[in-house]
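Dear colleague,

Please find below the structure that I promised to pass on to you.

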Amino acid sequence: MATVELTAENFESVIGGADLALVDCRTFGPIFEQASEEYPDAVFGKVDTEAEQELAASFGIRSIPTLMIIRDKVVLYAEPGALPAPALKELITKARELDMDEVRASIAEREGAQQAGSA
């Protein structure tokens with residue numbers, strides 16, 4: 001699957017239904033494009049942060065490029081900087097291997113602890 005241009009209008013419809021999605025905020029070009037061909041079952045989207053400032057701000061993007069990996073509507077990875085191809089492949093593999101029920105439980109536990117601490 002080739003990369004998809006993401007906007008505030010199409011973000012939820014493109015990413016929301018994806019089991020695994022990678023979002024490149026700006027471009028680290030050929031490596032991201034190559035990975036999109038190697039993993040056709042994942043969504044690879046690009047965000048033009050200048051044109052989509054509201055979308056970039058909603059994810060707290062401050063540095064370009066930034067790579068995000070989203071699985072089941074949970075941001076698993078969001079870091080600035082481009083990755084070499086082997087590191088990107090390893091990250092995709094790790095994201096796929098995660099038990100998302102455990103991830104959601106951990107998030108709920110952390111949010112519960114934060115709410116209890118602020119009460």
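**A buried arginine and its partner**

Arg71 is buried, with a relative accessible area of 11%, where buried means under 20% relative accessible area, exposed means over 50%, and partly exposed covers what lies in between, with a 1.4 Å probe and protein chains only. Before going further, please keep in mind that this is a predicted model, in which local features need pLDDT of at least 70 and side-chain atom pairs count only at pLDDT 80 or more, while totals for chains, interfaces and linings use all residues. Residues are numbered from 1 along each chain as its sequence is written, and side-chain values use heavy atoms, with hydrogens and water left out.

Arg71 forms a salt bridge with Asp19, with 3.9 Å between the closest N and O atoms; a salt bridge here is a side-chain nitrogen of Lys or Arg within 4 Å of a carboxyl oxygen of Asp or Glu. This pair links distant parts of the chain, since Arg71 sits in strand β4 and Asp19 in the loop between α1 (11–15) and β2 (20–25), 52 residues apart. Asp19, at 46% relative accessibility, counts as partly exposed.

**The chain as a whole**

The chain contains five helices and five strands, and from the N terminus on they follow the order β-α-β-α-β-α-β-β-α-α. Helices (H or I, at least four residues) and strands (E, at least two) are DSSP runs, numbered from the N terminus. The radius of gyration is 15 Å, close to the 14 Å that the globule rule gives for 119 residues, so the chain is as compact as a globular protein of that length; this radius is taken over C-alpha atoms, and the rule is 2.2 Å times the number of residues to the power 0.38. Of the 119 residues, 37% count as buried. If we look at contacts (heavy atoms within 4.5 Å), residues 24 or more positions apart account for 62% of those with a separation of 6 or more.

As background, most residues other than glycine have a negative phi. Asp72 is placed in the loop between β4 (66–71) and β5 (74–80), and Lys73 also has its place in the loop between β4 and β5. Asp72 is partly exposed, with a relative accessible area of 29%, whereas Lys73 is exposed, at 58%.

**A network of salt bridges**

The structure holds eight salt bridges, and Asp72, Asp101 and Arg104 are linked in a network of them. The side chains of Asp72 and Arg104 meet at 3.8 Å, N to O. Asp72 lies in the loop between β4 and β5 and Arg104 in helix α5 (residues 100–118), so this pair ties together parts that are 32 residues apart in sequence. Asp101 and Arg104 also meet in a salt bridge, at 3.2 Å from N to O, and, being three residues apart in helix α5, they are separated by about one helical turn. Arg104 is partly exposed, with a relative accessible area of 36%, while Asp101, at 56%, counts as exposed.
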